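Hi there,

Here is the structure I promised to send over. Have a look at it first, and then read on for what turned up.

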Amino acid sequence: MIAIMPRPTVHTARRVITMDPDIPDATAVAVADGRIAAVGSLDDLRDGGTVDDTFADAVICAGLIDQHLHPILGASTLVTEVIAIEDWVMPDRTFPAAASEQEYRQRLTAAERTLSDPEEWLFTWGYHKLWHGPLDRAALDQVSATRPIVVWQRSCHEWYLNTAAIAALGITAESMAGHGAASDMVDVDAGHWWESGMDLLLPKVTPAVMTPQRLSAGLRQMVAYLHANGVTAINEPGILPGVEPWELYEQILGAPETPFGSTFLVDARSQAAAGMQPADAVADAEAQIAKAPAGKVRLLGKQVKLFADGAIISQMMQMREPYLDDSGHPDLCHHGEWMMQPDTFRAFARVYWQAGWQLHIHVNGDAGLDLVLDTIDECMKNHPRTDHRTVIVHFANSDEEQVDRIAELGCIVSANPYYPVGFADMYAEHGLGEPRADEMVRAASVLRRGIPLSLHSDLPMGPAEPLRLASFAVNRRTAGGRVAGPDQRISVHDALRAVTIEAAYSWRLEHELGSITPGKAANFTVLAQDPYAIDPELLGDIPILGTVFGGRWFPLPARPG
């Protein structure tokens with residue numbers, strides 16, 4: 001029997017933005033069996049397939065990618081009562097920002113009063129001390145002495161609980177003591193857990209915060225949110241065994257109606273926190289990957305996530321020079337915290353490096369970056385590798401010499417461009433000072449040295465809206481309206497590369513995703529306007545009409561009016 005190949009569908013458009021330098025512009029793309037068959041003009045492709053003019057008045061762009069986000073966090077935070085420092089526009093609800101301590105307390109109290117069941121827990125996410133004032137167990141007890149209240153800080157690296165929640169979880173000061181560095185990041189009297197201290201809280205609080213019902217609702221909301229923002233591929237860089245709801249991921253993220261692919265990485269920090277010896281880490285990681293090595297929801301082979309220092313949003317990143325004001329954390333050295341202690345970090349990095357794995361390393365402070373670069377330098381000297389693509393993840397604070405080292409060592413960067421936009425104004429006044437705050441995320445410095453640059457949201461640390469992320473990198477305009485670090489702005493083209501082909505490159509999937517090139521997956525984002533033809537300040541506001549995933553059209557509902 002002779003197989004009959006499907007006749008390609010030739011999609012026409014006002015413009016096709018390929019992100020392929022060999023085919024920079026086109027007006028038509030042919031798709032067959034979920035893959036790109038040809039790219040060019042309509043005259044070139046007309047005779048080779050059936051013409052579809054659905055996108056004739058629109059712009060087809062290579063499918064937008066969020067290089068780094070957290071499905072479990074996006075699902076579990078954005079389904080709570082969100083009281084954050086910025087607006088969060090979800091598919092069915094908008095959570096307006098709370099900009100002051102008074103507004104935060106009013107919103108928190110109002111949220112508690114809307115719960116009719118006196119035993120229902122109140123979960124909220126988005127609190128930040130610099131905007132919302134101090135918070136502790138006693139303050140939450142004033143909101144309710146009987147209802148369990150759990151406040152998840154904006155960074156997701158801190159938690160605050162009231163007395164009722166602490167009692168319901170069976171937590172005592174004694175049970176939190178004697179666990180090494182993690183116990184130093186717990187204050188039961190204040191109802192406060194941060195950074196490694198979370199390792200002691202999560203096993204107790206997760207069953208309450210992340211019930212199957214809440215996670216299912218949150219994941220479905222996240223799918224709609226990502227689709228509305230044109231996302232066609234995501235990566236969770238660091239899966240937590242025993243916590244991540246893999247069956248729900250397969251059911252919801254892997255559903256035929258979900259118009260994007262989801263990949264995951266092994267998490268070395270959870271291995272270390274479980275007491276695993278570095279020598280056993282690679283075998284354990286290989287066993288994790290073997291459970292889901294392929295498909296729409298899968299783990300990427302030989303790629304691992306490590307953590308250096310703490311979160312920028314809670315000002316726990318490790319800084320060379322101390323913070324300019326008190327962070328409010330007991331016994332904090334004013335330089336930050338480590339998420340993996342340096343000796344542990346180096347030990348796990350070495351074993352994965354020697355096994356030929358690609359390292360994705362969470363790092364925010366310049367002192368944290370020193371640890372990372374010194375470790376990679378040592379690994380290169382002792383066990384040289386080419387094309388290792390070690391990813392410097394987040395990349396908040398650095399100096400120009402460190403960017404030189406990134407280039408010399410052959411590392412690449414995946415940056416969060418929201419940092420200067422969302423935090424530079426406040427951090428210039430508190431903690432960092434204006435020079436360090438404004439120079440966060442040296443994207444232009446990275447590109448000047450020829451270092452591959454991708455962008456990510458780290459959802460829910462920033463909005464999972466790739467065009468808005470690109471706009472942040474292009475404009476660097478803060479909430480106060482000023483431009484933070486104008487010399488670090490990048491071009492529209494470089495920003496679009498960072499949410500398409502460079503993101504794919506960071507996962508070693510550049511031969512499958514990231515550009516409209518024959519042979520690759522037919523994943524496109526369909527735009528109402530041309531990003532190159534509008535005011536760059538409006539880049540993040542371009543309407544998304546829908547996405548094509550695997551050759552299938554997933555339109556967005558028509559907007560009211």
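A residue counts as buried when its relative accessible area is under 20%, and as exposed when that value is over 50%. With that cut-off, Gln-315 is buried, because its relative accessible area is 6%. Please keep in mind that this is a predicted model.

Gln-315 has another point worth a look: its phi is positive, about 50°, although the residue is not a glycine. You will find Gln-315 in the loop between strand S17 (297-307) and helix H13 (342-354). Asp-33 also has a positive phi without being a glycine, near 55°. Asp-33 sits in the loop between strand S2 (25-32) and strand S3 (35-40), and at 68% relative accessibility this residue counts as exposed.

While you are looking at the backbone, go to Leu-459 and Pro-460, which are joined by a cis peptide bond with omega about 10°. Pro-460 belongs to the loop between strand S21 (453-455) and helix H19 (466-475).

Now to the aromatic rings, which form 14 pairs in the structure. Take Trp-152 and Trp-159: their ring centres are 4.3 Å apart and their planes lie at 25°, so this pair is stacked. Both partners are buried, Trp-152 at 3% relative accessibility and Trp-159 at 1%. Trp-246 and Phe-264 make an edge-to-face pair, because their planes are at 65°, with the ring centres 4.9 Å apart. Trp-246 lies in helix H10 (residues 246-253) and Phe-264 in strand S16 (residues 261-267), so the pair ties together parts that are 18 residues apart in sequence. Here too the two residues are buried, with Trp-246 at 18% and Phe-264 at 0%. There is also a cluster in which ring pairs link Trp-131, Tyr-418, Phe-423, Tyr-427 and Phe-472.

Two arginines are placed over rings as well. The charged end of Arg-269 sits over the ring of Phe-307, 5.7 Å from its centre, and Arg-389 lies over the face of Tyr-505, at 3.7 Å from the ring centre.

Finally, helix H10 has a helical partner. Helix H9 (residues 212-228) packs against H10 at an angle of about 35°, with the axes 10 Å apart, and the crossing is right-handed. Among the H9 residues that take part are Leu-215, Leu-219 and Met-222, while H10 brings residues including Leu-248, Tyr-249 and Ile-252. By class, this contact has nine nonpolar, two polar and one charged residues.

Conventions. Residues numbered from 1 in each chain as written. Predicted model: local features only at pLDDT ≥ 70, side-chain atom pairs only at ≥ 80, totals over all residues. Heavy atoms only, no water. Phe/Tyr/Trp six-rings, centres within 6.5 Å; stacked < 30°, edge-to-face > 60°. Buried < 20%, exposed > 50% of the residue type's maximum accessible area, 1.4 Å probe, protein only. Helix = DSSP H or I, 4+ residues; strand = E, 2+ residues; numbered from the N terminus. Lys NZ or Arg CZ within 6 Å of the ring centre and 35° of its normal. Axes fitted to C-alpha atoms, helices over the stretch in contact; angles between N-to-C directions. Left-handed = near helix turned anticlockwise from the far one by under 90°. Contact = heavy atoms within 4.5 Å. Nonpolar A, V, L, I, M, F, W, Y, C, P; charged D, E, K, R; others polar.
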